[in-house]
Structures are given as structure tokens and as C-alpha cells.
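Please look through the structure before reading the points below.

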Amino acid sequence: MRLIFLGPPGAGKGTQAKLLTEAYGIPQLSTGDMLRAAVAEQSDVGKRAKAVMDAGQLVSDEIVNEIVSDKIDSPECAKGFILDGYPRTVPQAVALARILEAKGLKLDAVIELKVDENALVRRIENRVTETLAAGGKVRSDDNPEAVKKRLVEYREKTAPLSDHYASTGQLQTVDGMAPVETVTAEINRILASASAAA
Ligand code: AP5
């Protein structure tokens, strides 16, 4: 099973990807997590990405395309993967199609989580509160200024992906405002019909 989750910051992409990872035994490929790991390691990519991420902007297509292409080649992705936060621009989607074609792989589903923008800011604030309560480290881009910029970046650069995948006939939308379990059930229904059609 190979799928993409689309949706703005706080839509629930990571939450649903983690649940599917457990259910299907395939990894979550979160470009955000991979970039945060690179920042923590202070690798070359991490050094280039840190300021861009902290400002709520998108890292270059070139960097993320390479990270994802390499990851797809790893043995843990042999049975499939869940792309969470990638692609995030139309050029990334075009690059992904080329990467998959070159590897002889196909996508099974592109699922967009539709959410009300007002709820997103509240969800991210809740995540900060929960992280602090658990003694964890808050993401450096989970502050009001960066969240505002992330939403602008989403509207300008990522939202056009819905039309892109609608035009390829691959887009499926799910109400991301529903409770987590309802969202999961709807995603499972989409994946079951994608498997049956394969
Ligand atoms: P990334 O890490 O991908 O962050 P994001 O897209 O901003 O998304 P979030 O992780 O904030 O939200 P989510 O949709 O996963 O929601 P979650 O499940 O946590 O990217 C960070 C940065 O990295 C980017 O800004 C960019 O700089 C860079 N980057 C990453 N990928 C890139 C790319 N491809 N190209 C260029 N740059 C890239 O849920 C949020 C909260 O809501 C949680 O507290 C959760 O418990 C709660 N919640 C979830 N679902 C529900 C529900 N149904 N009801 C109520 N609450 C819910």
C-alpha cells in the first residue's frame, strides 16, 4: 500500500499516518520528521533547512525529493509507505511521479484531510500544551508567527495539489473535522476499495 496524505498544518496527517503504520505494517514517511532529524543531527541538509523551517517556509523541492527517493529504496518501504507532508508543491508531485515510475511503483491512494482553518490554530496550540505537559520539546515552528506563515505557504503552494491530483483522478477527500476514529474509519474504507480495485 502506497499512499499520500494531503492537508494543511494540524489537519491530522501525522495522527492518521501513525495509526495506519500500526494497522498495515508500513512506515510513515514524514518529510517534516526527516528534516527535524537532520536539523537535530546538524547534517548539511539540517543546517540548510533549519532557518527555513523555523520561519514556516518550505524547504527546497530538490532537498525533499532526494530525501524521499532515497527513503523509498530502503528495505522498510518494500511493502509500501505513507507519505505525510510530501509532496507539498506541484513540482514535488511531478518529481514523485517520475521517481515512482523509475522504480516501477504505483500510488494506491491520495487522501486529502479537509479541515476548517480556525480549528487548525487551536489544534496546534493544543499540541503545544500537551507536549509541554508531557515534558517534551515543543517544535520550533509551533509558534503563532510560524504557524501563520505555514498556513500562507499551504494556501499558495500546497493547496493547488488538490486540483493536480483531481486532474489525475487520484484525489479522495475525507472530513478531517470529524473525530479521529471516524477519520480513520473513512480512510480504511478508501484503502479497502483501493485494494479491491488493484
Ligand atoms: P510537517 O512536519 O509536515 O508539518 P505540517 O504539515 O505543518 O503538519 P503538522 O505536523 O503540524 O500537522 P499534521 O497534519 O501532521 O497534524 P497532527 O496529526 O500532528 O512540516 C514542517 C515543516 O517542514 C514545513 O513547514 C516545512 O518547512 C518543512 N517541510 C516538510 N515537508 C516538506 C516538503 N515536502 N517540502 C518542503 N518543506 C517541507 O495533528 C495536529 C493536532 O491535532 C494534534 O494535537 C492531534 O492530536 C490533533 N488532531 C488530529 N486529528 C484530529 C481530529 N480529527 N480531531 C481533533 N484533533 C485532532
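The residues of the shell around the ligand divide into twelve nonpolar, ten polar and eight charged, where Ala, Val, Leu, Ile, Met, Phe, Trp, Tyr, Cys and Pro count as nonpolar, Asp, Glu, Lys and Arg as charged, and the others, Gly among them, as polar. This is a predicted model, in which local features need pLDDT of at least 70 and side-chain atom pairs count only at pLDDT 80 or more, while totals for chains, interfaces and linings use all residues. Residues are numbered from 1 along each chain as its sequence is written, and side-chain values use heavy atoms, with hydrogens and water left out.

**Contacts with the ligand**

- Of the 30 residues around the ligand, Thr15, Thr31, Gln57, Arg88 and Arg127 come nearest, a residue being near if one of its heavy atoms lies within 4 Å.
- Among the polar contacts (pairs of N or O atoms within 3.5 Å), a polar side-chain atom of Thr15 lies 2.5 Å from a ligand oxygen atom, and an N or O atom in the side chain of Arg127 is 2.7 Å from an oxygen atom of the ligand.

**Elements of the shell**

- Helix H2 gives the most to the shell around the ligand, with four residues, helices being DSSP runs (H or I) of at least four residues, numbered from the N terminus.

**Lining of the largest cavity**

- The largest cavity is lined by residues including Phe5, Lys13, Tyr86 and Arg88, and a cavity is a set of points on a 1 Å grid over the protein atoms alone where a 1.4 Å probe fits but cannot get out, with lining residues having an atom within 4 Å of a point.
- By class, this lining of the largest cavity has four nonpolar, three polar and two charged residues.

How values were computed: A polar contact is a pair of N or O atoms within 3.5 Å; within protein, one must be able to donate a hydrogen and the other to accept it, and residues adjacent in sequence count only if both atoms are side-chain atoms. Helices (H or I, at least four residues) and strands (E, at least two) are DSSP runs, numbered from the N terminus. On a 1 Å grid over the protein atoms alone, a cavity is a set of points where a 1.4 Å probe fits but cannot get out, and a pocket is an open set with protein on both sides within 12 Å along at least five of seven lines; lining residues have an atom within 4 Å of a point.
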